[in-house]
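Student: Can you walk me through this one? Keep it quick, please.
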Amino acid sequence: MHAIRIEQHGGPEVLAYRQVPVPEPAQGQVLVRILAAGVNFIDTYQREGLYQMTLPFTPGLEACAVVERVGPGVSGLKPGDRVAYASGRGSYAEYNVVDAAILVPVPAGVDDRAAAAVLLQGMTAHYLVHSTFPLQRGQTALIHAAAGGTGLLLTQLAKRCGARVIATVGTDEKAQLARQAGADDVIIYTREEVAPAVRKLTDGEGVHVAYDSVGKSTWEASLSSLRRRGMLVTFGNASGPVQPFAPLELMKHGSLYVTRPTLFDYTATRAELLERAGAVLGWVAAGELAVRIGGTYPMERAADAQRDLTGRKTTGKLLLLPG
Ligand code: NDP
């Protein structure tokens, strides 16, 4: 089979398209054939070595796939079942061996590409608005990079909770997408300073929560946009990791809370995984959650996909298609 292999950390050029043996499922594992693999920012952190990996490896956490063969001790799955996962290893490939415990069923009303596109970022949006800072009707949320893969889903789910959404984006085209997803106000943060604009939009009050996937470059703006006792949910590093900060800063900005969550801690049990995946895929099947696929690439062009993602050129989700 073909797979992308990373033999050394580095830029997108280290993503090599190679011929490798089809892996064998061990105890509790399943061999799946990939229909579409999701491209996520975390793949670029693993490629660069910001997140530690053992070399060599095949990148990719997410896919929609068909069960090909089940290993010993696996029940409830059979060849031909359509499944999706968001915490695998090695989905940038034609075949992947994954633990049966991370697989979720894909409902008939969700096509392969939508399933691959929505699972990781949709469950992220789900835990952010329902568990990390449970958004209530009447509250206001600041959502950065709102036209991105996670941003578009997060904006829709925040609106679903009845909250007001102030979105930030880099361009006019992205502003239009954020509005279509339901954002009430959009700040183009490449041209306008965020915190003063947020104060103006909220009569000086500030927002209840800032969902910040951008990290380093928006940290200060997020802190300064919060109302008293608001929460900064810093969940990504698209512009680089947030620098160390003094807790006293939280006092100065109004007794703030900060959390740095990750999806894996919010899908740690099988029950929680099934609940979040079921909700997200169910909304997609019912036409209540729109999934924007901003680009598809043949698997061998994984480097171009990652280049476009980190180059701020994309909107919505990017997918890799095998074969
Ligand atoms: P996006 O599709 O949102 O792409 C990143 C966007 O960030 C860009 O399109 C750009 O939008 C914005 N951005 C701002 N500054 C920069 C910069 N210097 N370089 C690149 N992009 C920049 O990506 P994802 O939705 O896949 O992920 C966003 C972040 O969220 C990542 O850090 C990812 O790891 C994290 N994440 C965290 C999860 C968790 O559980 N903690 C789960 C899922 C994602 P614009 O042009 O509008 O500024």
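This is a predicted model: local features need pLDDT of at least 70, side-chain atom pairs count only at pLDDT 80 or more; totals for chains, interfaces and linings use all residues.
Student: Which strands does helix 2 lie across?
Tutor: Helix 2 (residues 112-132) lies across strand 11, strand 12 and strand 13. Its direction is about 145 degrees from that of strand 12. Angles run from 0 to 180 degrees between N-to-C directions, with axes fitted to C-alpha atoms, for helices over the stretch in contact. Helices (H or I, at least four residues) and strands (E, at least two) are DSSP runs, numbered from the N terminus.
Student: What does helix 4 touch?
Tutor: Helix 4 (residues 172-180) packs on the sheet and touches strand 9 (164-169) and strand 10. Contact means heavy atoms within 4.5 Å. Helix 4 makes about 160 degrees with strand 10.
Student: What's the strand order in the open sheet?
Tutor: The six strands run 10-9-8-11-12-13, with parallel pairing. Two strands pair if DSSP finds at least two bridges between them.
Student: Which strands stand at the edges?
Tutor: Strand 10 (185-188) and strand 13 (257-259) do. Each has a single partner strand, so one side of each lacks a neighbour in the sheet. The twist averages 15 degrees from one strand to the next.
Student: How many bridges join strand 11 and strand 12?
Tutor: Five, in the parallel sense, between strand 11 (residues 207-212) and strand 12 (residues 226-234). Alanine 210 has leucine 232 in strand 12 as its bridge partner.

Key
Residues are numbered from 1 along each chain as its sequence is written. Side-chain values use heavy atoms; hydrogens and water are left out.
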